[in-house]
Amino acid sequence: MKVFRHLTTTLVAYGAIVAACVFLAVLAATFTLSLFADIVFSGWMMVSVQIARWFVLWVGVYVIHNVLPIAIAHGRTRREFLAAATGFSAVFAVAMSVLAWLGFLVEDSVYDVMGWRNHPHGSLLAYTLMFAVWCGVGMFVTAAFDRWGYGGALTLPVGLALVAVPGITMPGTDDLPVFRDAPELLGEGWHVVSVFAWMITMALTWAVARAMPVRTRT
Amino acid sequence: MRVDVQGLTVRYGSVTAVDDMSFSLSGNKIYGLLGRNGSGKTSLMSALAGYRKPAGSVLLDGEPVFENAAAMRQVCLVRHMSDAAGKGDKVSHVLEYGAAWRDTWDNAYALELTDLLGISLKTKVGALSLGQGSALGVVVGLASRSPLTMLDESHVGMDTPTRYAFYDALLNDFMAHPRTIIISTHLIEELASLLEEVVIIDSGRLVLQEEADVLRSRGTEVTGNASDVDEFTLGLTVLGEKSLGRTKAAMVYGTLDDSQLIRARQLGLELGPIALQDLFVHLTEPVGGKR
């Protein structure tokens, strides 16, 4: 519980600060752009889909590469840490998707006032699942690199396949070119596939990190 | 805390860092873990701390350590600061980690030590000098108050006054809170007076485990007239010699029997203890290109 509390309080707070700063920057950029051209898309949507998921993936990397060795050095087991990290990935994904939605609420109001055109954005659930999978893949791939060095590159195709799953139905992404019809066929049921993708990322992270050595760093 | 190691092997690819090692530490002592560079000290301590899965058995008070929450709570290994903190963390964050995650952590003592060793709480770990980073490692190790505390070359980069402050703090804290402390160091003579028992390893194998005083008694420095010293040491294992004019001092390995002691007295030779460091060098000396 101590590890979970630490991860959640520090990284959710950090994520909120980053999101607030980026939102203000996007809004400023949109106003600047509006002086020269018509606004026909949501800047926040592009950020929340294209950039935010990479930020969330980086958080997954940070959790395994930086915080796991620290936790072990302070007397915690990998099992305790991974249980906390699994819970954290879910909570962090929810927090980030709520932040994304708060951004949309504000942005929609601004767009209405300014008479700018907007685009539909994904659901809260879709964002949560996308962030959860990206965070989990960050953990999994990092655990593989930390354990096997360059051999961890072999897990990259698996990671890429997993992160593609929740983004398929998300406006602002163009994932999965081959199976374009699959999400439409499954409808909202596609979220179940995304939940499975997240469960697979966490199971793989556990499998790789469970006996991972803490190497000497320089 | 008692430590039992049985058939421990640590490999990195084709390199064997610890080779089928077995020993036991009865606990509540300050142990010196001595070995040359690459002898396997860090790998051994990493296995003792649950940093890596052991091939063989590592038991702390009879319990396996790897992924055992109860046993892991009792151990603290400080190799250097990067294990216990990120480079972007402030020193104050490092203490917060300890306070949050270790039940045995003494934060008041940690603050006292950071002050004693001259470490600013606001400085980022990555901005600390090598010596300050080592000192912070000492803070983490001692303030953890772990029943098994291991300090791996914690003196690295420390200036002499800081090292002496570290040795004093170590001894005082051990006296106040007896526990099993394992220290690896290359500055053997500086720490020799603190060590109760010595474990010497070389090329991943156990060379010797002995009470420090017993080990010291295995060597004798013989000083006197050069020709008398040469006569006395004939046939003995001589670790080294120093001459000044007609006076010579020779370091002899092995216990002297009564007849040898009488002969030394007859020749007017002075007998004294030799440094632990000299014994260590001898015991790990390469023989025929191999150690």
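In this predicted model, A:Lys2 and B:Asp103 form a salt bridge through their side chains, with an N to O distance of 3.0 Å. Across the interface of chain B and chain A, the rule finds four salt bridges. The interface also holds 13 residue pairs in polar contact, both residues of each pair being at pLDDT 80 or more.

**Contact between chain B and chain A**

- On the side of chain B that touches chain A, the elements giving two or more residues are α2 (69-72), α3 (81-84) and α4 (91-101) of chain B.
- The largest share of that side, five residues, is supplied by α4(B).
- Chain B brings 28 residues to the contact, and chain A brings 25 residues.
- Between them, the two chains bury about 2400 Å², of which 49% lies on carbon and sulfur atoms.
- Of the area that chain B buries against chain A, 33% comes from B:Tyr51, B:Glu67 and B:Trp101, more than from any other three residues.

**The two domains of chain B**

- Chain B is assigned domain 1 (3-211) and domain 2 (217-283).
- The C-alpha centres of these two domains of chain B are 36 Å apart.
- In chain B, 14 residues of domain 1 are in contact with seven residues of domain 2.
- About 880 Å² is buried between domain 1 and domain 2 of chain B, 68% of it on carbon and sulfur atoms.
- On the domain 1 side, B:Arg36, B:Ile188 and B:Glu189 lose the most area to domain 2 of chain B, together accounting for 45% of what that side buries.
- The count of salt bridges between the two domains of chain B is one.
- The side chains of B:Arg218 and B:Glu210 meet in a salt bridge, at 2.4 Å from N to O.
- The side of domain 1 that touches domain 2 receives two or more residues from each of α8 (188-192), β9 (197-202) and β10 (205-211) of chain B.

**Nonpolar cores**

- The largest nonpolar core comprises 142 residues, and those with the most contacts inside it include A:Leu7, A:Phe81, B:Leu44 and B:Met150.
- Helix α2 (residues 43-73) of chain A gives the most to this core, with 17 residues.
- Domain 1 and domain 2 of chain B each contribute at least three residues to this core.
- A second, separate core has nine residues, among them B:Val229, B:Leu256, B:Ala264 and B:Leu267.
- Beyond its neighbours within four places in sequence, A:Phe81 is in contact with residues including A:Val3, A:Leu7, A:Val63 and A:Ala71.

Definitions and conventions:
Residues numbered from 1 in each chain as written. Chains lettered and ligands numbered in written order. Predicted model: local features only at pLDDT ≥ 70, side-chain atom pairs only at ≥ 80, totals over all residues. Heavy atoms only, no water. Core = buried A, V, L, I, M, F, W, Y, C linked by side-chain atoms within 4.5 Å. Buried < 20%, exposed > 50% of the residue type's maximum accessible area, 1.4 Å probe, protein only. Helix = DSSP H or I, 4+ residues; strand = E, 2+ residues; numbered from the N terminus. Domains from an automatic or database assignment. Contact = heavy atoms within 4.5 Å. Buried area = accessible area lost by both parts, 1.4 Å probe. Polar contact = N/O pair within 3.5 Å; in protein donor to acceptor, adjacent residues only side chain to side chain.
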